Amino acid sequence: MLSYLSKRLAMGLATILVATVAVTLLIHLVPGDPVQIMYAQSQGTTPEQLEEIRARLGLDQPIAVQYVQYLGRLLQGDMGVTIRGQQPVADLLMARLPNTLLLAFSAMAIAVAIGLPAGFWAASRRGTWVDSAVMMTAIAGVSIPHFWLGLVLMFWFAVDLGWLPVAGGGPLALVLPAMTLGLSNAAIVARMTRSSMIDVMEQDFVRTANAKGLPKAMVQSRHVLRSGLIPVVTMMGLQFTYMMGGAIVVENIFAWNGIGRLAIEAIFQRDYPVIQGFILVFATTVVVVMFLLDLVYALLDPRIRRS
Amino acid sequence: MTANRLRQLGLGAVLGCAAASPLAAKDIVWARYGDIDTLDPHRATSTLSLQVWSLIYDTLLATDATGAPVPNLAESWEVSEDGLRYTFHLAEGVMCHDGTPLDANDVKYTVERAFDAQNPSVTQASWGPITAAEAVDPLTVKLTLSSPFVALIPFLADSFSSILCDTNAEAEGFGTSAAIGSGPWMLDSWTKGDRIVLSRNPAYVNHGKLAENPGAPYMDRLVVTTVPEPQTRLAGLKTGAIQIAEPPLDDVPALQESGELKIAIAENTGQNVFWEFALHRAPFDDQRVREAVARATDVDTALMLIYGDLSIPEQCPISRGVFGNDQEFCAAHRAQYDPEAAKALLAEAGGWGPDNPLEVNMLVWTGGKRDRLAEVFQAQLAEVGIKANIQMMDIGTMNARVRQENETPDGIGSMDMMTWSWYDPDILYALWHSPGAYRGYTSPELDAMLEKTRVLADPDERKAAVEDVMAYLLDKSIHVPLYTPGWEWVFAVRPEVEGFHVAPFVYPVFNDVKF
């Protein structure tokens, strides 16, 4: 168990390092540098002065040198300052990360609360009209883009009915973005749960349980649900990381002040320290979530616990 | 017990909610697509930042409705004969937001901070060659220059030159959580990416800004929020959560028709949208081909199709609101729409025509319906025998690409729909004086003409020098003006809101707003 977890942890750290290196290289491949963009459209600054500013920001160094310097500062806990506005990157990211996590967790809760029972219901009524109806709805849910669903929900609940705010912060303003992100993921959870449950229902041990006369409810809850949940939990981990990413679109629609929106702005402005900081925080979050999932996985499945 | 705790938590959440959404019924909420970079006017250049600085800080000079500089914090000023010394006389009784008087020392502090050896302002160059700032007495400040620089006066009317109170030096978090100015609005808080909350400055006296209200703003608070998605801004306008915002451009005609929201359009923005070309290589090294593009482009029709009456054609390389702009003068030099002449030019230059089209790339900045406008231009160019491949990209990428194209000796022709704005004809110096903003056109002849526009203090002489430059650029079809304004210039306003207007160079003014 311990070696299993420490192996996972080491892999997680490696993942974070690879992600930051890859992003540092990739962002420098995009044409345009932050200084040029900062002065775009409105400035009468001479090219020599632009060079001077680049030098002051360390942007005239080779990428490898820039990255090593960045790592050096990072090890001292310094994520640098933004190129635009010269503000500490760590403060910016940490102010926004909780918003994105809150959104992703709420959406996940909605997805599970709807998707899990729906999938389970469909599986237990396999081949009936219930099954067809749930799966049809799920296909529709998967196919609807976040962007469209978000605007429809907004115009319905915020503009027409006036029940919820259009955008902004606070608990009420969380409802629409979390619904938008949660509903389409509920569809995925439902589909996954159904197929996983059906797989389990066809297993020998379930047939045995049924044959020895256990009540159906007991078979379903103790045997089918428990083993059927394992792949669903794994998938939910991936799902959660997708939601962190998918949150970027939803954050934009609902002006939710999350980390994804910060990243988009930073990419357009080539604000390298912010982009690097974002990837670092994002990758770390994903690794932590995956690690926690491995723990849950081990708890659910005795075979992993023992190995 | 558990139920009790839950109830307490629930109550807490409700209270937390009230605290987290501090929008009172009578706040002005202005939603924009993006946030400021910083509250420190020496650390950024974006329009989004400038607009907010103009609310918090005041400037020595201001602009009138035509864009010309007028007195503001400085009631009057003198320039020495050699153009090297500027003396400004400050208005009496101006107070900083922290209660200290605004005097010559604050101006001196601002200028010296902009020229700080370790960390100068990112717009240091626009201040000109200032070598010293001196507080002669509390209400007199003198700036010394190493060489004449006439663009200093319009610069001092722009928020790039916002006057910072010298108490900012000791203020903790200046630029992020503190910003002490003397403008009509005081900073309450800034949550980056979300909102800037401003409250009215009760001590504000308007000395020259474009507002009817002589004193403090009527409304108690102004909340500047960031809402990136246009449809969300529209939804907010409809529910009343937002009073003022840029609407989705496609919805503007319907909004105008229904009268559901008022539409305010910024005038004299200084924004210039124009064709420019990779001039160092074929085919655009040939003046005839550039002129053919100018003559093939029917700006009036294209604008009417895409923007209706929201934007207008521009004849000059520097747009309305900027010193030296003269539609008639420029129209006489700019190659006008004439597709037959365009066909003849193309045939003469390389035997190109509708049956044997010239293939070029057309770079266009995404957003503001420019993709659709570019398609209209593409169709117009195709009619005379130019096959333009539209390439859409964000402005950062486009700036880099244009420079790249200028530095590449071969490849198919490259033209781009460029967009610049500035408050002074000095913009032409930045764009076209060697080596040029994008390493584009360079000529010693043009360089000499541009240098003259920087030093001539007499307005008539300077205007003539600016006209020489514009005539040169237009005659050779180097800078082919298309239209103005072109980005973030349309505001939708709730019907009950009165007194909102936009000053030249897209500075919204909230001093007169009431509802």
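Two strands are said to pair if DSSP finds at least two bridges between them. Strands (E, at least two residues) and helices (H or I, at least four) are DSSP runs, numbered from the N terminus. The structure is a predicted model, in which local features need pLDDT of at least 70 and side-chain atom pairs count only at pLDDT 80 or more, while totals for chains, interfaces and linings use all residues. Residues are numbered from 1 along each chain as its sequence is written, and chains are lettered from A and ligands numbered from 1 in the order in which they are written.

Strand 13 (residues 271-277) of chain B pairs with strand 18 in the antiparallel sense, over three bridges, and here Phe274(B) has Pro481(B) as its bridge partner. Strand 14 (residues 312-313) of chain B is also antiparallel to strand 18, joined by two bridges, with Pro313(B) opposite Tyr483(B).

Phe155(B) lies in helix 5 (residues 152-156) of chain B and counts as buried because it has 24 C-beta neighbours inside 10 Å. Leaving aside residues up to four places away in sequence, Phe155(B) touches Ser126(B), Trp127(B), Phe160(B), Ser161(B) and Asp424(B); contact requires C-beta atoms, placed from the backbone, within 7 Å.

Between the chains, the contact takes 46 residues from chain B and 49 residues from chain A. Helix 13 of chain B gives the most to the chain B side, with seven residues.

Notes: A residue is buried if 20 or more other C-beta atoms lie within 10 Å of its own, exposed if 12 or fewer, and partly exposed in between; C-beta atoms are placed from the backbone. Two residues are in contact if their C-beta atoms, placed from the backbone, lie within 7 Å.
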